Amino acid sequence: MDDHLREVFDFIAFTARLREVDRHNNATSARKESVAEHSWHLALVSWILHREFERECGHSLDLEKMLKLCLMHDLVEIDAGDPSAWTAQHNKDKARIEEEVAQRRFSPLPAGLGAEFLGLWHEYEEGQTPESRLVRGVDRLNPALMRFLTGQGWQDVGADAEALDRLQLPRVQVSETLTALYQEIRESAVAHGMLTPAP
């Protein structure tokens, strides 16, 4: 195997480890979700909602880019871990650590692949393009959906509906569709006793 293909193979082997990183929400009632499962589901949901997003925006959106953002946005968590969105104190360290991992893991990739991965990583983190804002919205919606579907609820993080709104709304409000889906999850979770209503 030549050096070029060896570097690609090593990166493929690295990405396979994403399935080893657990998230804080459940995949089923019996186990935690892996970051790989989360990334796959983000890509699928973004694909399913793509036409709705285009209808809302009134212009075309780059679905290929959205799928790539979904699939790669959490690769840094193989090295950096997946801190909970409910613990605010990690935010500054999280950004620095994840940037270091992105530079170390993506920059050496050959034949323009490193520049593409780094570019997409920064696009997602900055959240300035329509595609990245929407993917970030789906990324925020997904754990709420999983906490509802698995019956996990939010007792483990001590959150009520008002706290959930503070976490969710800044990202999901980029889209009428995402906002409506979030409100359905929130209202259903309250109705099923998984989430305490706002005071």
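Tutor: Contact here means heavy atoms within 4.5 Å, and the model to which this is applied is a predicted one. By that criterion, Arg136, Gly137, Asp139, Arg140, Leu141 and Ala144 of helix H7 meet Leu167, Gln168, Arg171 and Val172 of helix H8. Sorted by class, the contact of H7 with H8 has four nonpolar, four charged and two polar residues.

As for the geometry, two packed helices are described by the angle between their axes and the distance between the axes. Helix H7 spans residues 130-149 and helix H8 spans residues 161-172, and the two pack at an angle of about 150°, with their axes 8 Å apart. Because angles over 145 degrees count as roughly antiparallel, H7 is roughly antiparallel to H8. The crossing in which H7 passes H8 is left-handed.

Turning to the cysteines, a disulfide is a covalent bond between the sulfur atoms of two cysteines. With a pair of cysteine sulfur atoms required to lie within 2.5 Å, the count of disulfides comes to zero. Cysteine 57 is in no disulfide, and the nearest cysteine sulfur, which belongs to cysteine 70, is 15 Å away. Cysteine 57 is partly exposed, its relative accessible area being 32%. Cysteine 70 is likewise in no disulfide, with the sulfur of cysteine 57 as the nearest cysteine sulfur, 15 Å away. Cysteine 70 has a relative accessibility of 0% and therefore counts as buried, since the cut-off for buried is under 20% relative accessible area.

Note on methods. Residues numbered from 1 in each chain as written. Predicted model: local features only at pLDDT ≥ 70, side-chain atom pairs only at ≥ 80, totals over all residues. Heavy atoms only, no water. Axes fitted to C-alpha atoms, helices over the stretch in contact; angles between N-to-C directions. Helix = DSSP H or I, 4+ residues; strand = E, 2+ residues; numbered from the N terminus. Parallel < 35°, antiparallel > 145°, perpendicular 65-115°, else oblique. Left-handed = near helix turned anticlockwise from the far one by under 90°. Nonpolar A, V, L, I, M, F, W, Y, C, P; charged D, E, K, R; others polar. Buried < 20%, exposed > 50% of the residue type's maximum accessible area, 1.4 Å probe, protein only.
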